[in-house]
Amino acid sequence: MAGEANAPHYSVLFKETLAGLNLTPQGRYIDGTLGAGGHSYGILQATAPTGRLLGLDADTVALGIAAERLKEFGDRARLVQSNFAQLAEVAKQEDFVPVQGVVLDLGLSSMQLDDPSRGFSFQGDGPLDMRFGSVQGKLTAAIIVNAWPEERLAKLFYELGEEPQGRRFARAIVEARKQRRFETTGQLASLLAKVGGRPAGRDKRPIHPATRVFQALRMEVNHELERLAEGLAGAVEVLAPGGRLAVISFHSLEDRVVKRFMQHEASDKIVPEGGPPGLSFPKERRLTIITKKPLEANSAELAENRRSRSAKLRVAEKL
Ligand SMILES: C[S@@+](CC[C@H](N)C(=O)[O-])C[C@H]1O[C@@H](n2cnc3c(N)ncnc32)[C@H](O)[C@@H]1O
């Protein structure tokens with residue numbers, strides 16, 4: 001167990017994130033991804049007795065767990081169910097602007113991923129849905145798997161899942177659904193296991209062949225990259241000068257969105273894509289980048305928590 005004593009689960013890059021936020025006791029902070037409340041707990045503990053926190057999570061179950069975890073801090077912690085894409089609106093509604101720091105720890109927690117009834121897991125059997133949050137869209141994993149053409153599936157698995165066998169998996173799904181609609185995660189996972197075998201993961205430990213396809217479906221169903229871009233923009237809007245933005249990502253596409261966003265906000269010019277060499281337009285700089293390279297888990301954390309192997313923390317400061 002890392003993070004802090006009594007944490008109900010492991011908070012990735014815990015110390016590094018708190019250090020990156022440059023916490024001050026009178027500060028106000030937003031955690032856009034409460035989860036089990038681990039990072040929030042650390043923020044409230046480090047900013048005692050007057051620091052305050054607004055915590056958001058799109059998921060009601062996570063919100064309930066975080067509320068229990070943070071109840072010892074009383075009204076220093078305010079929790080709201082919301083997608084972090086609405087971070088700025090919620091902060092304004094709650095009269096919680098400006099803030100000294102915003103943290104986003106992306107993706108889903110292992111407690112969500114490992115619960116078969118939530119339908120994110122290929123290890124158990126649940127409905128092929130994968131939507132999370134209160135304001136749910138109409139798109140489900142079942143719609144994608146049963147209705148999308150083969151080419152579109154292959155592109156999704158390759159791009160969002162970074163799955164080298166994306167084309168093969170797409171073909172197998174399209175063949176199989178001619179016989180029977182996919183209704184459950186178990187049905188899909190067993191087809192992918194049959195077609196894919198058990199390839200080695202990046203860290204040489206085998207991963208289930210369904211891992212990357214499930215990730216791609218979840219990211220598409222919840223429009224995760226689009227929501228991330230909106231959340232980053234909202235965070236910069238509510239930060240006070242000198243306030244810090246700390247973002248932990250687990251996926252190279254997410255990290256790229258964070259990196260490009262920070263680079264764009266740290267630059268004083270816009271270079272139009274495809275324009276003549278040297279053409280640029282002036283713009284306002286709003287951030288300075290603190291982590292020139294993203295911080296990653298050290299060997300002790302890697303040994304303790306496998307999920308931290310792909311974690312990257314980027315920190316920037318509002319000018
Ligand atoms: C990795 S967990 C956070 C763990 C937390 N930092 C901790 O230490 O306990 C990510 C959480 O973010 C939530 N989440 C993911 N995307 C979200 C979004 N767009 N808006 C709000 N919550 C989101 C998930 O429901 C999940 O509870």
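This is a predicted model: local features need pLDDT of at least 70, side-chain atom pairs count only at pLDDT 80 or more; totals for chains, interfaces and linings use all residues.
Local features need pLDDT of at least 70 and side-chain atom pairs count only at pLDDT 80 or more, while totals for chains, interfaces and linings use all residues. Residues are numbered from 1 along each chain as its sequence is written, and side-chain values use heavy atoms, with hydrogens and water left out.

**View 1. Helices α8 and α9 pack against each other at an angle of about 125 degrees.** Here α8 covers residues 166-176 and α9 residues 185-196, with axes 10 Å apart (helices are DSSP runs of H or I, at least four residues, and strands runs of E, at least two; axes are lines fitted to C-alpha atoms over the stretch in contact, and angles run from 0 to 180 degrees between N-to-C directions). R168, F169, A172, I173 and A176 of α8 meet L188, L191, L192, V195 and G196 of α9 (contact means heavy atoms within 4.5 Å).

**View 2. H251 sits in the loop between β5 (239-249) and α12 (252-266).** This histidine is buried, at a relative accessible area of 6% (buried means under 20%, exposed over 50%, partly exposed in between, with a 1.4 Å probe and protein chains only). Leaving aside residues up to four places away in sequence, H251 touches L160, E162, Q215 and M219. Look for the backbone oxygen of L160, 2.7 Å from a polar atom of the H251 side chain.

**View 3. G55 belongs to strand β2 (residues 52-57).** With 0% relative accessibility, G55 is buried. Beyond residues up to four places away in sequence, G55 touches D31, L34, R78, L79 and V80. For orientation, the C-alpha atoms of G55 and K194 are separated by 42 Å, with the two residues 139 apart along the chain.

Methods: A polar contact is a pair of N or O atoms within 3.5 Å; within protein, one must be able to donate a hydrogen and the other to accept it, and residues adjacent in sequence count only if both atoms are side-chain atoms.
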